[in-house]
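User: I would like to go through some of the terms used for this model. Please set each value against its definition.

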Amino acid sequence: MASLPVYPWRLAPDGLATRRQLRALGLRPGGQDVAAQIERPRRRRPPLVAYLYRIELARPVRPMTLAKRRALAKANRARRTCPACGRDAGYVIPVHLGACVPCADGVGQYAA
């Protein structure tokens, strides 16, 4: 197995991009293998690693279908619904609380 070329942070050659950079261009890796990686050094910790893909082999992002849009809306609505009071909190319920902030504190108007 051949090892990947490793470039220092911000010194990757042109024609390579991370997944996030591809997405900003309206592209996706499209099944291609990782072409290289970049490493960002950190103090007293291992470096951060990001994989790079070839831009010329990238494919356009698939359009969002109506079914996918509905499924995403349903999943996000479930993450915002408080299991204690059943109301839409207007934000994603924190996992560590397990309920909306008023219910978790026990002092809000929705407290059970």
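User: What radius of gyration does the chain have, and what would a compact globule of 112 residues have?

Analyst: The chain has 21 Å, whereas a compact globule of 112 residues would have a radius of gyration near 13 Å. The radius is taken over C-alpha atoms, and the globule rule is 2.2 Å times the number of residues to the power 0.38. Along its principal axes, the C-alpha trace spans about 60 × 45 × 25 Å. This is a predicted model, in which local features need pLDDT of at least 70 and side-chain atom pairs count only at pLDDT 80 or more, while totals for chains, interfaces and linings use all residues. Residues are numbered from 1 along each chain as its sequence is written, and side-chain values use heavy atoms, with hydrogens and water left out.

User: Why is Val49 called partly exposed?

Analyst: Buried means under 20% relative accessible area, exposed means over 50%, and partly exposed is in between (1.4 Å probe, protein chains only). Val49 has a relative accessible area of 41%, so Val49 is partly exposed. Buried residues make up 18% of the 112 residues in the chain.

User: Where does Val49 lie?

Analyst: Val49 lies in strand S5, residues 45-54. Strands (E, at least two residues) and helices (H or I, at least four) are DSSP runs, numbered from the N terminus. The chain has three helices and six strands, in the order β-β-α-β-β-β-β-α-α along the sequence.

User: What share of the contacts with a separation of 6 or more comes from residues 24 or more positions apart?

Analyst: Such residues account for 47% of those contacts, where contact means heavy atoms within 4.5 Å.
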